[in-house]
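These are my notebook entries on one structure.

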Amino acid sequence: MTVRLEDVLAKHFSTKEVQHFEEALKQIEDVSLRQQAVRNLYEDRLVYESEWIELIRAILGARPNSKEICETIATVMRKFQLKGRTASCAPGTLCGRAITRESLARAFATKGMSLNAARLNIDRFKHVPVAMLRNLWRGLPIGQYVMWSTFSETRGERPFAGIDPKTAREIAARLGLFRPNKKRCGPFLLLEYEMPRSCKPRIPRTTEAYSGPTWVYYFRPASKSDCDLGYGRTYVWDSHADSSGGRPEIVHEPLTGDTLAADIEEL
Amino acid sequence: MTEWTEDVARLVTRLHGASVDDLTDWLRDRLAGVDDVGANGGEPPHFLIATLFDALDHSICSNLQKAVHFLIEELAEQNATWSDAAAAELLMLSDPVLINTSRRPDLIEMLSCLARPTKDAKVSPAIRFAAAQALVTLDVKAAPEFWFSLYEEGKDEYAPIVVEGLVRTDMTALADWLGGKLPNAALELALINLLPFMIDRYGSGIATQMVGSLDVMSRQSREELRILLNVIGAGSGEVGLESSIELVRALSGGLHLVAQLLLQAVSAEIGDKVPHAFETNLMSVRLIAQHQAELGIAANLEELWAIYVDCIDQAFAHSRLAQACLKEIVAVLPALLVDKLAVHLVSDRGYTREQITEMLNNAGFEASEALARVESVTFSTYEMRFPVELRDEMTTELWLQKEQKDARETFLANTEDSPANDSEWRGFMNEYLKGS
C-alpha cells in the first residue's frame, strides 16, 4: 500500500524519532534543489509503507551531516527505483524526449565509442530515415540510468504535439529541463520512440528523482488526479507556470535506438 | 559573459576560489552522486562539468585537469575504493578535461594499465571497459596487438572500442583482422557506426573503400551499408568535397608552407641554407601528407592534386632542390602517383626521362612503362607559372584564414550564442563571409 511520509512517521515512529528525522532533513535544506527534494518527500503519495520505513530508519541511523544524509537517501531510494506503480502508457504508445546532441553522444559512449566518434555518428545519422536509424542504433542507448519521457494525453497523437511554439525553449520549459545557461537552451534532438512490450513504464516518484547519480532538478510528485490518470506531470519552469501546464511524464529503464519511431527532429 | 542560472552561478563562483584539493574533493562527491547542483532525469553526474568546461576560466580548467588526473592516479592505484559507476563517470571526463593535458604519457600509461586484460583481475570489468573507452577518446595509438587482446578478453562487448582503436591506429591491420573475424554482427555494427568518424578522418573515398572491401561481411550488413552510403551521400567511393574538408585543409596548409619557402627561394638568391630549410620543411609537410595525400587523391580531389603539383613544379624548377624534393615526395605519394608525377615532370616540365629515371632509382623506384613512353617537352614550351598564380592563390588563402580568425574573435567577444562545434563554426563562417 502506498502512503504519505507523514502518515508513516505518525504510525510507526515515536515523537522523538520524528523530531530527529525532521532535524536530519533540515540539514540538507541548504540549497534550493534539496529544499524542493524535502518538500517532494512529504508530497509523494506513491511510495510504499515498507519503503518509507526503510528510508526513515536509514536516515535516523545516518550521521547528521548534509553529505551523509543525501547519500543515505540516494542509496535507499536506489533500491526502490522503478518499482512504483505502473503507468498508464500502453505498449506501442509514442513517447518522446528532448535531448542534446552531447547528452546522446555521452550515452552512446557508454558502449565504447569515443565521444568524438559518437558526436560524428549523431551528426551524420540524425538525418537518416528512422527505418534505417533503428538498425544503426539498435545497440546504442538513447538514455542513461533512468529514462524520463513524455507522451500525449490524446491517444494516437505524437508526444510533442500541442507544444506551441515548437521551439527549444518552449520544449525545455514545458518538460522542465534543467539548463545551466540562462540565455541558452538547446539545440535539442527530439527522439520519438514506441514503448516496447518488454518495458514497464512507471509513474515517477521521489525514488527515481533522488536515487542519484544526480538529483533531478525539476521534479514534483504526481498529484492525486495525475495518479488517477496513471502518470506524472512535468514540472514546468516558473516562467511558464501560467501556460497550459506540464506534460504527462513517465520513467522507465533505458531503451536502445531500435525503439525509435519517427525521424529525428532538431530544434 | 555567460549568464549562469542561480545554482550553477554559485557553483562556478565556488570553483573559482577552489584549490586543486578542494576541486578533487568536490569531483569525488559529484561523481559519486552528491552535489548541490541537480540535473535532468537520467543525466550522468559528469555531464554538468563537461558542459561547463569550455566556458570556465583557464585557471579553473587547469586545476580541474590536475584534479581529474589525480583522481585517475588514485583509481589506478586503489581501484577497489571506487565504485564502478563513479569510476566510469570520472573516466568519461577525459573529454573535454584531459584532451589537451600536458601529462598525456602518464595518463596513457595509467589508462593502459587499467584497461589491459590481466589474469589476476584486480580491476573490475566495468572499470577496465571505461578505461579502454577513455583510451580511444584520447586518440591513443596503441599497437594493434593491444586492441586484439582487448577483444580476445571482452569479445563482442569490446567491438566498438577495438574497431575504433584500430581505425585510429592502423586501418590495414583492422582490415586484415576483420578478414578473419567476419561475419560477426557486433563487429559489423561497430564498423558501420564508426563510418562517420572514418569519413571525417580519412575522407569518404578511403572509408567506403575500406568497408566495401570487406567481402566477408554478412550480406545483411553489406546491403545496409550500400543503402546507408547512398542516403548519407557518401556514394560508393565517390566523395563530396565537404566530407574531406579537414583533409584538404591539412594538406593545403602544408603545401602552402612549402610554397612560401619557394617564394622566398625564388625572390632571393638561393643560398646554401635554402635547400636545407626546404628539405626540413618538406619533412614536416610529409608528416601531414603521408596519411592524407593518398586519401585525397583516392577521393578524386583533382583540385588538391593540382595544388600539390604546382608546389612540386616549383621545387623542380630549381635543380638544387630537385633531389631533396623528389626524395621527400616519393616518400609521401603512393606508387601510382609517383608514376603520375614522373610522367608530369617529363611531359610538362622539361626534365628528361633519364634524369627522372635516375632520381627515381635513387629513391628506390623503378621507372614505369608509362614513363618510358612519354615524350619530353622542349624547354621552349616550358613556362613557369610560379610565382604569379600560386602567389595569388596563397594570398587569397591567407587572407581568408585571417578574416575567419578575426570574425570568430569578434563574434566570441560580442555574443554568447556562439556555434558549439567546428562544423557549426564552419557553417557560420561561410554565412558570415558571404555577408561581409
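**Entry 1: the contact between the chains**

I began with the contact between the chains, which takes 49 residues from chain A and 49 residues from chain B; two residues are in contact if their C-beta atoms, placed from the backbone, lie within 7 Å. I noted that the model is predicted, that local features need pLDDT of at least 70, that side-chain atom pairs count only at pLDDT 80 or more, and that totals for chains, interfaces and linings use all residues. Residues are numbered from 1 along each chain as its sequence is written, while chains are lettered from A and ligands numbered from 1 in the order in which they are written.

Which elements of chain A supply at least two residues each to the side that touches chain B? I found helices H3 (32-43), H5 (66-79), H6 (101-109), H7 (115-125) and H8 (130-136), together with strand E4 (147-151). Helices (H or I, at least four residues) and strands (E, at least two) are DSSP runs, numbered from the N terminus. H7(A) gives the most to this side, with eight residues. By class, I recorded 25 nonpolar, 13 polar and 11 charged residues on the side of chain A that touches chain B. Here Ala, Val, Leu, Ile, Met, Phe, Trp, Tyr, Cys and Pro count as nonpolar, Asp, Glu, Lys and Arg as charged, and the others, Gly among them, as polar.

**Entry 2: the sheet of chain A**

I next looked up the order of the strands. Six strands of chain A form an open sheet, E6-E7-E4-E3-E5-E8, with antiparallel pairing; two strands pair if DSSP finds at least two bridges between them. The edge strands are E6 (232-233) and E8 (265-266) of chain A, each of which pairs on one side only.

I then followed the pairs. Strand E3 (residues 94-100) of chain A is joined to strand E5 (residues 188-194) of chain A by seven bridges. In this pair Ala98(A) stands opposite Leu190(A), and Leu94(A) stands opposite Glu194(A). E5(A) also pairs with E8(A), over two bridges, and there Leu190(A) stands opposite Glu265(A). E3(A) and E4(A) are joined by two bridges, with Gly96(A) opposite Thr150(A). E4(A) pairs with strand E7 (residues 248-252) of chain A over four bridges, where Met147(A) stands opposite His252(A).

Is E4(A) enclosed or open? Five of its five residues are buried, so E4(A) is largely enclosed by the rest of the structure. A residue is buried if 20 or more other C-beta atoms lie within 10 Å of its own, exposed if 12 or fewer, and partly exposed in between. Met147(A), Ser149(A) and Phe151(A) are buried on one side of E4(A), and Trp148(A) and Thr150(A) on the other. E5(A) is mostly covered, with five of its seven residues buried.

**Entry 3: a loop residue**

I looked up Leu177(A), which lies in the loop between H9 and E5 of chain A. Leu177(A) is buried, because 26 other C-beta atoms lie within 10 Å. Leaving aside neighbours within four places in sequence, Leu177(A) is in contact with Ala98(A), Ala172(A) and Asn40(B).

I turned to chain B, which has 24 helices and zero strands. Buried residues make up 39% of its 436 residues.

Which residues touch the most other members of the largest nonpolar core? Of its 152 residues, these are Val68(B), Leu90(B), Ala131(B) and Val163(B). A nonpolar core is a set of buried Ala, Val, Leu, Ile, Met, Phe, Trp, Tyr and Cys residues joined through C-beta atoms within 7 Å. Helix H8 (residues 125-137) of chain B gives the most to this core, with eight residues. Apart from this core lies another, of nine residues, including Leu341(B) and Val346(B). Not counting residues up to four places away in sequence, Ala131(B) touches Leu91(B), Leu111(B), Leu114(B) and Ala115(B).

Finally, I noted that Val163(B), Leu166(B) and Val167(B) in H10(B) meet Met171(B), Ala173(B), Leu174(B) and Trp177(B) in H11(B). This contact has seven nonpolar, no polar and no charged residues.
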